[in-house]
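This report walks through the secondary structure elements of one protein model and how they pack. Keep the sequence and the structure open while reading.

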Amino acid sequence: MKFLHTADWHIGQLFHEYDRNYEHQQFLDWLVEMLHHEKIDVLLISGDVFDISNPSAQSIRMFYTFLNQATNKNPDLQIIITAGNHDSASRLEAPKPLLLSSKIHIVGLVEKDAEGKIDFEKLIVPIYDQTGRIKTYCLAVPFLRMGDYPAIPDCSNPYTEGVTALYKELFDYAQEKIQDDQIIIAMGHLHTHNAEITELDKTERLIMGGVECIPATAFHEDIKYVALGHIHKAQKIGGKDHVRYAGSPLPMSFSEINYKHQVVVFDLDDEMHNLRSIEIPLFVPLLRVPLKHQPLHDVIALLEQLPTSDEADKATIPFLEVRVFLEGPEPALRHKVEVALQQKKVRLAKIDVKYPDSKTEEHQLIAPEQLQELQPIDVFGKIYQTRYNSTVPEDILNLFQQVVEEVNQTAE
C-alpha cells in the first residue's frame, strides 16, 4: 500500500495580513493531482488543517471541496485526518456522521467513558487493502490537551510522561487486535525532542508556554511509521527514518525563503520502504531586499530598481521583506519604503530593522525600591538604550523634557 503524509496546512492563514487563499487553493489542486499520479492508497493529514479554531466559510468550503475532489478522482483513497492545536477538535469532527459510509476518518477528540477511561477504540482507524481486508491499524492521535492524556502520579513531567503513557497504552490496545501480518502506524501533533524549528515554531512555542517535548522513544519500535505534525520544517526525528514531520506546504515566514516544502510518500507492507519526499511548488515567491541589512538610503535605492507592476494576476505578486540597518528611530521609515515601492511588482509584507550591537554591559535588574528614585528621563533613557543600543540624541531628549513639563503642568 502507498501512503502520503502531510500536515500543517493552516488554511485561512494570513501572511503579514495578506490573504493566502490563492496559495492554499493551488496547493490543494496540486495535491489532488499528486494523489492520482502517485496512485496513493492512504492520505495522512497530521493536524492544523485550519489556522484558527473558527475558520471562515471560504476556508471550510475549500477543505471539503478538496476531500470531494480527491475521493472522486481516487475512489479507493482512504483519508485519515487528526486535529492540531490550531483546529477546533469538535468543529473538525462535526461532519463525521456524514462520513460514516465514506473512507474519510476524522479524529479530533479524545473521548472517555463514564469512569474517565480513554476510549481507545475511537483512536484506532483500520486501513484496508484492495481485497477489503484490514492491513494496518492507525493510532490516530490528535493534539493532546491537558486532561486528554493519563495522569501519572508523582512524576517529574506530567505532560511528557502522560503523552508517552497514552501512546504506550494505545499501542498495547491495538496490538491485541492484530492478526496474521497486520501492522501498526501512528499519527501525532506534538513537539519532539531535538526537532529543528522554524521562526514561526519559536513564536508558537512561547505562546504555548514552553510545553514539554516528547522523545522519539515514546513511539514503540514496532510502529512502522509515525506521521507527525506541528513543526513546520520537514525532518526525521531521533535518527529514525520512520518518525517524521512532513512540514507545512506553504512558507510560514521569511526564514523559510530557501527552504523546499514537501509531502512524504512511502510504501508499506510488512515494513516501510521506498520513502521519498515530493517537493511542493512555490506558488508565490518570497523576496528579501537587500539580503543583508543596509542603511536606509542604500535600501531605498535598491527598492527603486525593482521591476514595475504589469497586468499580471495580483495573487501571484511576490511578498517582500525589506531589511534596514538604522542608527536610531526613524518615524517615517514605512512611508519612505512605501513611496519607493509605488508601482513596483511586490507586496510589502515586513520591514525588518536592525540596530547597532550594544556596546554597554547588560542592564541590571532594578529593585522595586529603586523605582521610586528614578525620574521619567531616567526610564526613557534606559528604554531607548535597550531598544537602539545608543544614548538618546540631544534633540529627542529636549522633546521628551517638553512633554514631561506639559504633563506636570496639566497635573497641577
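Helix α5 (residues 158-175) has 18 residues and spans 25 Å from first to last C-alpha, close to the 26 Å expected at 1.5 Å a residue. That expectation is 1.5 Å times one less than the number of residues. The model is predicted: local features need pLDDT of at least 70, side-chain atom pairs count only at pLDDT 80 or more, and totals for chains, interfaces and linings use all residues. Residues are numbered from 1 along each chain as its sequence is written, and side-chain values use heavy atoms, with hydrogens and water left out. Helices (H or I, at least four residues) and strands (E, at least two) are DSSP runs, numbered from the N terminus.

An open sheet of six strands runs in the order β7-β8-β9-β10-β12-β11, with mixed pairing. Strands count as paired if DSSP finds at least two bridges between them. β7 and β11 (235-237) are the edge strands, each pairing on one side only. Neighbouring strands are turned by 30° against each other on average, direction ignored. Lys 236 has Arg 244 as its bridge partner in β12.

α5 lies across β7, β8, β9 and β10, at about 155° to β9. Axes are lines fitted to C-alpha atoms, for helices over the stretch in contact, and angles run from 0 to 180 degrees between N-to-C directions. Contact means heavy atoms within 4.5 Å.

**Strand β1**

In β1 (residues 2-6), five of five residues are buried. Lys 2, Leu 4 and Thr 6 lie on one side, Phe 3 and His 5 on the other. In a regular strand the side chains alternate between the two faces of the sheet. β1 has these pairings:

| Partner strand | Sense and bridges | Bridge pair |
|---|---|---|
| β13 (residues 262-268) | antiparallel, four bridges | Leu 4 with Val 265 |
| β4 (residues 42-46) | parallel, four bridges | Phe 3 with Val 42 |

**The three-stranded sheet**

A second open sheet has three strands in the order β15-β16-β17, with parallel pairing. Its edge strands are β15 (286-295) and β17 (347-354), each pairing on one side only. The twist averages 15° from one strand to the next. Six bridges join β15 to β16 (residues 319-325). Gln 294 has Val 324 as its bridge partner in β16. Helix α8 (residues 333-340) packs on this sheet, touching β16 and β17, and its direction makes about 135° with that of β17.

**Helix pairs**

Helices α1 (residues 21-37) and α2 (residues 57-73) pack at about 15°, with axes 9 Å apart. α1 is therefore roughly parallel to α2, a term for angles under 35 degrees. Their crossing is right-handed, meaning that the near helix is turned clockwise from the far one by less than a right angle. Among the residues that meet are Leu 28, Leu 31 and Leu 35 in α1 and Met 62, Phe 66 and Ala 70 in α2.

The axes of α7 (residues 296-304) and α8 come within 8 Å and cross at roughly 25°. So α7 is roughly parallel to α8. This crossing is right-handed too. Leu 296, Ile 300, Leu 303 and Glu 304 in α7 meet Leu 333, Lys 336, Val 337 and Ala 340 in α8.

Technical notes:
Buried means under 20% relative accessible area, exposed over 50%, partly exposed in between (1.4 Å probe, protein chains only). Angles under 35 degrees count as roughly parallel, over 145 as roughly antiparallel, 65 to 115 as roughly perpendicular and the rest as oblique.
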